[in-house]
Amino acid sequence: MNILGLETSCDETAAAVVRDGHEVLSNIVYTQIAHHRPYGGVVPEIASRQHVEHLPEVIAEAMAQAGVGWSNLDAIAVTHGPGLASSLLVGLAAAKGLALRLNIPLIGINHLEAHIYSAFIGPDRIDPQALGPFLALIVSGGHTSFVKVEAIGRYRLIGRTVDDAAGEAFDKGANLLKLGYPGGPAIDKAARAGNPALVSFPRGFVHRLPGRITGLEPKYCVSFSGLKTALLYHLRQHPLSPEPAAEVADLAASYQEAIVDTLIQRAARATDDAKILAVVGGVSLNHRLREKLAIMADKRRARLILAAPKYCTDNAAMVAGLAAHKFADHAPRSQIMTLDVDPNLGLGEG
Amino acid sequence: MITLAIELSTDCGSLALLNDDQVQCERTWREDRLHRQQVFAEIERGLSEGWLDPARVDVFAVGVGPGSFSGLRMAISVVRAMAMPGNRPVYAVASAAALAWEIMLETGRNEVVVVGDARRDEWWAGRFLSGDKWPRQEGDWTVANEAHLQDNPGAPGAVWVTSDWDRIGGKMNPEGAVLIRERRVPQARYVGLVAGARFRAGIQTEELVPVYLHPAVSTPPVY
């Protein structure tokens with residue numbers, strides 16, 4: 001079964017063809033980072049303009065690289081939330097157009113669910129159906145969530161950030177340290193030459209949830225907004241010298257350590273309950289996080305599953321792969337009329 | 001030559017199927033601004049009723065504005081996607097040009113100025129002169145405050161028309177111009193007519209992106 005997946009939820013324009021849910025025939029990503037870099041973060045209007053311009057060529061390249069004809073596609077899958085409304089809209093319109101044109105099913109995919117599935121695609125994949133229940137940590141620019149996965153399609157959100165996502169914290173920290181955008185790779189790189197113990201930045205453990213957040217367990221929740229403020233105050237009290245490379249390296253390492261420690265502590269608690277932990281999303285590429293996750297999992301005799309690096313950031317292979325598990329539920333054209341974008345789509349809602 | 005045209009630049013969406021200059025079928029609807037999914041329902045209806053066979057479409061045409069970004073993005077994305085299997089051409093026409101052509105055919109006038117609300121206390125205008133088979137835009141889009149635009153209404157007797165009559169109609173009073181005193185919206189059949197004529201004449205399509213009258217970001221970069 002060949003599925004063409006489209007992903008336009010944020011600032012990556014992506015298309016992929018995946019066979020039988022795991023064999024990635026093509027995985028094309030047009031990254032818009034250069035367009036957003038001057039603004040220090042993703043600008044929704046720029047993202048949407050870029051998607052409109054580049055999605056057709058990305059789809060064409062994915063189809064050419066996959067070597068399958070249009071008539072060999074069994075379904076079109078598309079991310080319909082959560083994400084930026086004006087960006088999701090572009091992918092959904094293209095997906096509906098293709099599904100109508102080819103008279104094949106359209107399958108709406110939840111971006112967070114697709115990220116969880118990213119741990120199960122590629123040549124060295126583990127079959128998620130044979131795995132049994134596990135815990136997933138989704139950690140990216142827009143999300144930091146702990147999810148109990150009973151099986152593909154059955155999820156329970158048990159914890160998340162109450163404010164900034166980890167990737168957002170990296171972006172804001174990198175901005176303050178003038179390391180550029182995106183902040184995650186920039187801090188990761190700068191931190192390698194630094195001392196992570198130089199400054200003890202606060203760890204974002206949440207002990208009590210704000211009233212607006214219900215149904216989650218505080219022991220699995222995190223907060224990163226205070227960390228950025230702590231760095232800001234530190235820089236006010238200790239301005240960088242004219243030759244700041246060494247200081248920036250130390251601050252980057254210390255700042256990164258605070259984010260990583262927070263995630264590791266919460267992940268460690270979570271592995272008390274579930275002995276399998278999958279870590280996915282762009283921030284899971286961070287070297288220090290990967291290093292400490294491996295140590296933590298080893299100590300606790302937990303099984304650690306990391307998404308392959310090329311499937312950590314937003315991509316459409318995870319969308320097309322996951323769609324194979326949902327294919328049976330979709331009669332031809334059934335979702336074309338009803339599927340809409342949902343910028344705030346939660347796990348288990350679509 | 002079969003042309004499928006889609007126009008979503010305003011809250012009045014439309015779709016038309018043309019065989020050369022003859023309209024075979026046409027659908028119009030009021031867009032639900034929150035969901036904007038009706039175009040798919042109309043395409044689906046065409047497939048179900050059998051009057052639309054995308055495999056037989058020779059050219060896909062789309063109105064590219066100026067107008068609602070969401071509508072334009074959807075329209076462009078859906079026609080480009082539908083055109084991919086079979087590698088069919090996609091032809092973009094300014095929605096304002098389609099409206100100008102309709103007004104030229106209706107009034108017999110040779111010059112039409114299409115005006116719209118550009119927000120931020122500004123109006124946009126495009127000036128069109130008639131040709132044999134399609135209108136020709138004279139100069140670029142103009143974005144200015146109302147006084148500036150109305151000081152320069154084109155030649156005496158030019159027709160002014162807007163799809164934003166409710167918002168700016170009461171303020172429109174260009175000297176020497178003929179004013180269409182009601183809301184008129186671009187329609188897919190005229191997008192299809194203009195696109196088909198230009199395509200047959202071998203003229204390159206306009207850019208397959210919405211007509212953007214403002215930059216994406218109004219604040220300066222931080223880096």
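Please keep in mind that the model is predicted.

Let me begin with the interface. On the chain B side, 35 residues are in contact with 35 residues of chain A. Together the two chains bury about 3,000 Å², and 66% of that area lies on carbon and sulfur atoms.

How many salt bridges does the rule find across this interface? It finds one. The partners are A:Glu45 and B:Arg73, whose closest N and O atoms are 2.6 Å apart. As for polar contacts, seven residue pairs are counted between chain B and chain A, with both residues at pLDDT 80 or more.

Which elements of chain B give two or more residues to the side that touches chain A? They are helix 1, residues 38-49, and helix 2, residues 69-83. Helix 2 of chain B gives the most, with 10 residues. By residue class, that side of chain B divides into 25 nonpolar, seven polar and three charged residues.

I now turn to helix 3 of chain A, which runs over residues 85-102.

After the helix comes A:Asn103, which has a positive phi, near 55°.

Thank you for your attention.

Notes. Residues numbered from 1 in each chain as written. Chains lettered and ligands numbered in written order. Predicted model: local features only at pLDDT ≥ 70, side-chain atom pairs only at ≥ 80, totals over all residues. Heavy atoms only, no water. Helix = DSSP H or I, 4+ residues; strand = E, 2+ residues; numbered from the N terminus. Expected span 1.5 Å × (residues − 1). Contact = heavy atoms within 4.5 Å. Buried area = accessible area lost by both parts, 1.4 Å probe. Salt bridge = Lys/Arg side-chain N within 4 Å of Asp/Glu carboxyl O. Polar contact = N/O pair within 3.5 Å; in protein donor to acceptor, adjacent residues only side chain to side chain. Nonpolar A, V, L, I, M, F, W, Y, C, P; charged D, E, K, R; others polar.
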